[in-house]
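I opened my notebook for an afternoon with this structure, and here is what I looked up.

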Amino acid sequence: MRTILHKSFAPIEKILNQYTMYKVVTFSLLFIILSAFILSFFHILSFSPIELLLSLIAIVLATTTMHFICQYFWHAPANYESTFITALLIFLIITPSTQLEILAFNFAIGIIAILSKYIFVYHNRHIFNPVAISLFIISFFSFFGAEWWVGSRYLLPAVAVAGLATVLKTKKTSLVLFFILSSILISISYFGLVFGNYNFLEIATLNLFSYPTIFLACFMLTEPLSLPGMKKPQY
């Protein structure tokens, strides 16, 4: 499977190889965010452009501030691109809003995510995905949570294109496909056992088009510092 896909996308991989992984992921996420702003402007998404903008500012401000603080106390090398990617990931998951309480929640998520990169570390590798662990921690202190609004079917074309670029760059095609297949099979089992719904095509379509499965697989699963080094543990 990997060999076939490699040959098919070889020209794209050749272009991607001219850039670092951080740049490919950053521009891929920015492409999704730009698409979100365009859809929001035309009232296709349920969030207004001002809600998107204020939330993005709050999260970027929080992650950047915490980055400099942690860098100062841990004397760590500055990796601004990693911090910016974390901010963009959080933005695409947490509910955008103009409400001060929700913006404060978004700000807190950004702080915890960056802080976790320095605390939950073993042999210079993240024990947990920083975005995921920050959401888990703050769930104990807030009624707000991750909406995963990036899973909108309207954003799926942008997510699919951007996700493909990221997966080709990280060379995790087989792992991502395995994850997506596993997700679909788990969804089918869940809907069948709990709701008695055995319409496999409908459930698979729902999983791919209305859930953040593609985004989760392409951008969070492939995060190299929180993945095991060997293939079998990754699967």
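**Entry 1: a helix and its buried residues**

Which residues of α8 are buried? I went through the helix in this predicted model and noted Leu156, Ala158, Val159, Ala162, Gly163, Ala165, Thr166, Val167, Leu168, Lys169 and Thr170. That makes 11 of the 15 residues, so α8 is largely enclosed by the rest of the structure.

Next I checked the geometry. Helix α8 runs over residues 156-170 and spans 20 Å from its first C-alpha to its last, close to the expected 21 Å. Just past the end of α8, I found Lys171 with a positive phi of about 60°.

I also wanted the packing partners. The buried residues of α8 pack against α2 (10-16), α3 (21-41), α9 (173-195), α10 (200-209) and α11 (213-221).

**Entry 2: Thr170**

Is Thr170 buried or exposed? I read a relative accessible area of 15% for Thr170, which is under the 20% cut-off, so Thr170 counts as buried. This residue sits in helix α8.

I then looked at what surrounds Thr170. A polar atom of the Thr170 side chain lies 3.3 Å from the backbone oxygen of Val167. A reminder to myself: an α-helix has 3.6 residues a turn, so residues three or four places apart point the same way. Setting aside neighbours within four places in sequence, I noted Met21 and Thr222 in contact with Thr170.

**Entry 3: the second largest pocket**

I stayed with α8 and turned to a pocket. The second largest pocket has a volume of about 240 Å³. Its lining has 13 residues, and Leu164, Val167, Val176, Leu177 and Cys218 lie nearest its centre. The elements giving two or more residues to this lining are α8, α9 and α11.

Which element gives the most to this lining? I found that α8 does, with five residues.

**Entry 4: the largest pocket**

Last, I looked up the largest pocket, whose volume is about 430 Å³. I listed 17 lining residues, with Ala76, Pro77, Lys117, Tyr118 and His126 nearest the centre. Two or more residues each come from α4 (49-74), α5 (80-91), α6 (100-119) and β2 (125-126). In this pocket α6 gives the most, with three residues. By class, the lining of the largest pocket has nine nonpolar, six polar and two charged residues.

Note on methods
Residues numbered from 1 in each chain as written. Predicted model: local features only at pLDDT ≥ 70, side-chain atom pairs only at ≥ 80, totals over all residues. Heavy atoms only, no water. Helix = DSSP H or I, 4+ residues; strand = E, 2+ residues; numbered from the N terminus. Expected span 1.5 Å × (residues − 1). Buried < 20%, exposed > 50% of the residue type's maximum accessible area, 1.4 Å probe, protein only. Contact = heavy atoms within 4.5 Å. Polar contact = N/O pair within 3.5 Å; in protein donor to acceptor, adjacent residues only side chain to side chain. 1 Å grid on protein atoms, 1.4 Å probe; cavity = no way out; pocket = protein on both sides within 12 Å on 5 of 7 lines; lining within 4 Å. Points joined across faces, edges and corners; volume = space filled by probe spheres on them. Nonpolar A, V, L, I, M, F, W, Y, C, P; charged D, E, K, R; others polar.
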